[in-house]
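Please look at the sequence and the structure first.

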Amino acid sequence: MIIDCHGHYTTAPSAHNGWRQRQKAAFLTGEGSPRYPAISDDEIRETLEANQLRLLRERGADMTIFSPRASAMAPHVGDENVAKAWARANNDLIRRCADLYSDIFAPVCMLPQNPRADMAGSIEELDRCVSELGFIGCNLNPDPGGGDFTAPPLTDRFWYPFYEKMIELNVPAMIHVSGSCNPGLHATGAYYIAADTIAFMQLIEGDLFADFPTLRFIIPHGGGAVPYHWGRYRGLADMLQRPDLGTHVMNNVFFDTCVYHQPGIDLLARVIETKNILFGSEMVGAVRGVDPTTGQYFDDTRRYVDALPISDAQRHAIFEGNARRVFPRLDAMLKALGK
């Protein structure tokens, strides 16, 4: 089967998005949070059938690991209470999507990481989503400030209580920032790729996986600039007297295939070991148009993986095997479904 490890609910019902606007306005005026609207199952089905489900079927994928819209997570908006309510509303909506299409959507949660808060609220929400709602992972924002990069590096002990909860629950995290409030950082073209690259360098500089040898991170968007500059990072690890990247980082870090042209996927597959690559499209997401040089959608990433000169075993690992290994709760869910 083909498992897309990187999907977002970018087409959520208008009532959900309207509530967010009212929530933000209420915070600015000091009013209480508005009541969340009633959204029917049919409204949810309509948003999914016309978009994610249609494209999954057309492109031949079987399942997507599904989380709230990344650019809308925006934990820097308001205070921690605003972030908690918004995270809960989004995660509950993702759970409903997975309930309606249990064989297609595997739920992953967002976190209320307000930049003025510690990780206690995020630990609580992760525990609720995994232990009570059956989620299989989370999106962890390395820069909750939205482009300021004031958060401590991912190797700092600030994050350790959250990592301990991840290990207790046996879930991985996708390292994923949200919308950019920095006018110099275009969200999807600059901020996302920069944050991916920054996160990888932080992991090189620290010794996080010596403390947490079973911790697992997915760095999306093909690993940012990392595969293209693999020699730079190997050289920096040597200069900083870090161990070889294969043992220091790459037993715990994985990249997806959200790279929207064939030469980019070819590079990823040549530089990064197959065991560290998970199929992903970020569909419907950052790039939605048709590539005029191929006549195909940029984010139809299955085509690129199909075209790789690799073995059937490698292709199976990228499409399915690695996702089941990195997300053990997904593997258990699929086995319960007889898959």
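A residue counts as buried when its relative accessible area is under 20%. The model discussed here is predicted.

Q: Is Phe212 buried or exposed?
A: The cut-off for a buried residue is under 20% relative accessible area. Phe212 has 7% relative accessibility, so Phe212 counts as buried.

Q: How many aromatic pairs does a search of the whole structure find?
A: A pair of aromatic rings is described by the distance of the centres and the angle of the planes. The search of the whole structure gives a total of 16 aromatic pairs.

Q: What is the geometry of the aromatic pair of Tyr160 and Phe212?
A: The ring centres of Tyr160 and Phe212 are 4.7 Å apart, and their planes make an angle of 80°. Planes over 60 degrees apart count as edge-to-face. The pair of Tyr160 and Phe212 is therefore edge-to-face.

Q: How many residues apart in sequence are the parts that the pair of Tyr160 and Phe212 ties together?
A: Tyr160 belongs to helix H6, residues 160-169. Phe212 is in the loop between helix H8 (208-211) and strand E6 (217-219), so the parts that the pair ties together are separated in sequence by 52 residues.

Q: Is Tyr163 buried or exposed?
A: Residues under 20% relative accessible area count as buried. For Tyr163 the relative accessible area is 0%, so Tyr163 is buried.

Q: Which residues form one aromatic cluster with Tyr160 and Tyr163?
A: Tyr163 and Phe212 form an edge-to-face pair, with 5.7 Å between centres and 75° between planes. Together with Tyr160 and Tyr163, the cluster is formed by Phe209, Phe212 and Phe217.

How values were computed: Residues are numbered from 1 along each chain as its sequence is written. This is a predicted model: local features need pLDDT of at least 70, side-chain atom pairs count only at pLDDT 80 or more; totals for chains, interfaces and linings use all residues. Side-chain values use heavy atoms; hydrogens and water are left out. Rings of Phe, Tyr and Trp (its six-membered ring) pair if their centres lie within 6.5 Å; planes under 30 degrees apart count as stacked, over 60 as edge-to-face and the rest as tilted. Helices (H or I, at least four residues) and strands (E, at least two) are DSSP runs, numbered from the N terminus. Buried means under 20% relative accessible area, exposed over 50%, partly exposed in between (1.4 Å probe, protein chains only).
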